[in-house]
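Here are my notes for a colleague who is meeting this structure for the first time. Please keep the model open while reading the points.

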Amino acid sequence: MSKDYNQLRAMLAITKASFRSIFRSPSAVVFSFVFPLVFILVFGFIGSGSRLTVRVAFDKNSDTLNPVYVALRQHKSLSVQTDNDKAINESLEKGRITAVIKISKNTNTSTPAYVINIKTSEAVNPQNLLVLRSMLDGIISGINKKTFPPAPTIAEVSENVQKIKGRTYRTIDFILPGQLGFSLLSAGVFGVAFLFFNLRQTMVLKRFFATPINKKYIVLGEGLSRVLFQLITSIVILLVGHFIFKFTLVHGVITFVELLVLSFLGLMVFMGMGFIVSGLAKNESSIPPFANLITLPQFLLAGTFFSIDAFPSWLQPICKVLPLTHLNDAMRNVAFEGAHLNDCGKQIGILLLWGIAAYSFAVKVFRWE
C-alpha cells in the first residue's frame, strides 16, 4: 500500500458517491422524507382544531319547540345528522354517530316538563357518550338556573377562573418526535441493510478491496453518507413542524440543536441494527422479514403514534425496554418540557447500551462477501 495514499480523501469520495445514490433511491426518499411528513401533515391538521365534536341525530318524533332542543342545536360541539331513519340507524350501528336523541313532553307528572331518551349502540366510543351526557346536564342545569333563579344550590363554581402561564400542548408536540424517530429507525435498519447487502451482492465491496483503501474507511464513508442524509431529513421535519404547525422548541435554536444530537445518537444505534440484518440476510428477499422483526414492534409499541400508557399494564414494561421508546421520550422532554441533554441521562444511557449490544453483535455477523 502506498504511503502517499490519502485514506480520508478516499473515504470522502465514497461518502459523496453514496450520498448521491441515496437521493436516487425512491424508497429512501419515501421512507425518510415523504412518509413522516405525510403523517405530520395529517396529524398536524387534525390537531389544529381543539374543539371536540359529538355527532348525533334527533328522533323524528322529538319535540322541537322546547328550550333543550334549541340549546342543543345551537351547541358548537354538537353535529347533527339529518338523514332518513334507515341511514341514521345504520350510522348508529356502525358508531358513526354517538346517539339518537328523543325529547318528549312528560305526560305522567307535571315535573319535569320533558323527558330525554338516548339510543346508542355498542359500537359507539364510550368517551363520546360521556361528553354527550355532560353536555345535556350542563344545558339542563343552565335552563333550570334561568327558569328558577330563587332555587337554592348546594355549591357553585366561581366565575373567577385562575389561569397560570403555560405552554399550549398541541397534537404535533407528541406526533412529530414519534415520526422523526420512525424516520430514523426506518433509515437506520432498512437503509443500511439493503445498502450493504447490495454492495456485497454486486461485488462493489470486493472491488474496493482491490484499492488501497482500508476496510474501516469503506464502512465509515458509507455510514457518513447515511448520517448526513438523515440529519438533513431531521432538519426538514423539524422546520416543517415548527413553522407550519407550531411544534414547540422551548429554547429555540438550542433545543433544535439538541434534537439533532439525539437524532444522530438514535440513528447510530439503529444503523447497528441495520448491520445485523445485512449480515444475517442470505438473500435480498430475507431482508424485509429480519428488518420488520426489529422495526415493527417499535413502530407499534414505542409511543410513535400514541402514548404507551394506553397499553395494558403487563405490556408497558416491554414498551419501556425498546430503544425507540427512550429516543421518543428524550425528544419530547427536550422539545416541549424544556429539558436538556444532561437531563435525559436515563434515556441516553439506555440508547448507548442498545448501541453497544447492536454493534457487538453486528461485528460477529457482518460479512464483506
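1. Among contacts (heavy atoms within 4.5 Å) between residues at least 6 apart in sequence, 76% join residues at least 24 apart. The model is predicted: local features need pLDDT of at least 70, side-chain atom pairs count only at pLDDT 80 or more, and totals for chains, interfaces and linings use all residues. Residues are numbered from 1 along each chain as its sequence is written, and side-chain values use heavy atoms, with hydrogens and water left out.

2. The protein chain has 13 helices and four strands. These are DSSP runs, numbered from the N terminus: helices are H or I with at least four residues, strands E with at least two.

3. The chain has 369 residues, and 42% of them count as buried. Buried means under 20% relative accessible area, exposed over 50%, and partly exposed in between (1.4 Å probe, protein chains only).

4. Look next at Asp63. This residue sits in the loop between strand S1 (54-58) and helix H3 (67-74). Asp63 is buried but has no salt bridge; that term requires a side-chain nitrogen of Lys or Arg within 4 Å of a carboxyl oxygen of Asp or Glu. The nearest side chain of opposite charge, Lys105, is 4.4 Å away. Lys and Arg count as positive, Asp and Glu as negative; His and the chain ends are not counted.

5. What does Asp63 touch, leaving aside its neighbours within four places in sequence? Its contacts are Tyr69, Ile103, Lys105 and Tyr114. A polar atom of the Asp63 side chain also lies 2.8 Å from the backbone nitrogen of Leu65.

How values were computed: A polar contact is a pair of N or O atoms within 3.5 Å; within protein, one must be able to donate a hydrogen and the other to accept it, and residues adjacent in sequence count only if both atoms are side-chain atoms.
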